[in-house]
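Biologist: I would like to go through this model with you. Could we begin with the terms and then move on to the details?

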Amino acid sequence: MLKVTVDQMREIDRRTIEEYGIPSIVLMENAGRQASEAAKKMLGKDLAKKKAVIICGKGKNGGDGFVVARYLLNWGANVHAFLLGDVSSLAEETLINFQILKKCGIEIDEVKTLNEIKGIDNALKSAELVIDAILGIGVRGEVKSPLKDVIELVNSSGKQILSIDIPSGLDGNTGDVLGVCVKATATVTMGAAKKGFFLKDGPRHVGELTVADIGIPSVLLKRLNDVSNKSP
């Protein structure tokens with residue numbers, strides 16, 4: 001299994017977009033579709049009777065979460081989405097998928113304060129699955145409130161948790177927990193596994209790992225794999 005650093009993954013993404021002309025929003029759509037398939041499997045049969053809570057951050061990881069919410073809605077599940085922050089601060093591709101989701105009629109609650117976290121707590125009580133799309137591989141430093149409080153709430157919910165790309169709060173390079181970290185039942189990571197998944201606290205938080213093909217040109221991954229194999 002190819003294992004990459006955060007910087008290597010960013011470079012792969014950059015080259016995919018700039019050199020091969022695959023738009024970032026296409027990669028986001030592919031990532032969300034792959035994660036939604038994993039979510040559907042975790043929810044099991046009779047999706048119409050199942051509820052998924054999707055908790056999204058402001059970055060591209062959150063955009064993946066909005067895509068997942070759309071697919072689950074299309075498949076008949078009961079979906080409740082949360083945005084941690086203000087819609088005005090969303091990344092471009094994330095905003096597009098947020099707007100699409102709103103047009104589909106999905107309830108998206110914006111959570112900006114500690115007091116508003118109560119809405120997440122109430123939604124979790126009736127959920128069969130929690131989808132963690134809070135923080136991606138770019139997180140730096142200790143996770144602070146209100147994100148810290150949301151992650152603690154998710155971990156204490158007793159529900160199945162699916163993390164998109166990386167459990168929120170895990171350092172993708174070192175496997176360190178950045179103050180607090182989602183303890184996932186399963187993680188669907190995009191393109192290649194991150195080195196931190198296999199180090200220190202990584203294995204205890206990643207859960208069952210799936211590496212998803214989101215359309216990154218195989219030649220980029222092969223070159224990196226060849227270089228890694230030659231390293232001492």
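Modeller: Helices (H or I, at least four residues) and strands (E, at least two) are DSSP runs, numbered from the N terminus. This is a predicted model, in which local features need pLDDT of at least 70, side-chain atom pairs count only at pLDDT 80 or more, and totals for chains, interfaces and linings use all residues. Residues are numbered from 1 along each chain as its sequence is written, and side-chain values use heavy atoms, with hydrogens and water left out.

Biologist: Where is Asp 165 placed?

Modeller: Asp 165 sits in the loop between S6 and S7. Its phi is near 75°, a positive value in a residue other than glycine.

Biologist: Is Asp 165 buried or exposed?

Modeller: Asp 165 is buried, with a relative accessible area of 10%. Buried means under 20% relative accessible area, exposed over 50%, and partly exposed in between (1.4 Å probe, protein chains only).

Biologist: What does Ile 166 touch, leaving out residues up to four places away in sequence?

Modeller: Ile 166 touches Asp 132, Leu 135, Gly 136, Ile 137, Asp 171, Gly 172, Thr 187 and Phe 197; contact means heavy atoms within 4.5 Å. Ile 166 also lies in the loop between S6 and S7, and it is buried at a relative accessible area of 0%.

Biologist: Which strand holds Thr 187, and which backbone oxygen lies 2.7 Å from a polar atom of its side chain?

Modeller: Thr 187 belongs to strand S7, and the backbone oxygen is that of Val 206. A polar contact is a pair of N or O atoms within 3.5 Å; within protein, one must be able to donate a hydrogen and the other to accept it, and residues adjacent in sequence count only if both atoms are side-chain atoms. Thr 187 is buried, with a relative accessible area of 0%. Beyond four places in sequence, the residues that Thr 187 touches include Leu 162, Asp 165, Ile 166 and Val 206.

Biologist: Turning to the strands, why is S6 largely enclosed by the rest of the structure?

Modeller: Strand S6 (residues 160–164) is largely enclosed because four of its five residues are buried.

Biologist: How many bridges join S6 to strand S7, and how many does S6 form with S5?

Modeller: Three bridges join S6 to S7 (residues 186–190), and these strands run parallel. S6 pairs with S5 (residues 129–133) over four bridges, also in the parallel sense. Two strands pair if DSSP finds at least two bridges between them. Leu 162 of S6 is the bridge partner of Ile 131, and in S7 the partner of Leu 162 is Ala 186.

Biologist: How does the chain cross from S5 to S6?

Modeller: It passes through helix H6 (residues 147–155), and this β-α-β crossover is right-handed. Right-handed means that, with the strands pointing away from the viewer, the path from the first strand over the helix to the second runs clockwise.

Biologist: Which residues of H6 are buried?

Modeller: Val 150, Ile 151, Leu 153 and Val 154 are the buried residues of H6. They are on the same side of H6 because they cover an arc of only 160° around the axis; the arc is that of the directions from the helix axis to the C-beta atoms. Their cover includes S2, S3, H5, S5 and S6.

Biologist: And which residues are buried in H5?

Modeller: In H5 (residues 118–125), Ile 120, Ala 123 and Leu 124 are buried. Their arc is only 100°, which puts them on the same side of H5. Lys 118 and Lys 125 are exposed on the other side of H5.

Biologist: Now the core: which residues touch the most other members of the largest one?

Modeller: In the largest nonpolar core, of 50 residues, these are Ile 54, Leu 72, Ile 108, Ile 131, Leu 162 and Met 190. Helix H2 (residues 24–43) gives the largest share of this core, six residues. A nonpolar core is a set of buried Ala, Val, Leu, Ile, Met, Phe, Trp, Tyr and Cys residues joined through side-chain atoms within 4.5 Å.

Biologist: One last topic: which peptide bond is cis?

Modeller: The bond from Ser 145 to Pro 146 is cis, with omega near 5°. Pro 146 is in the loop between S5 and H6.
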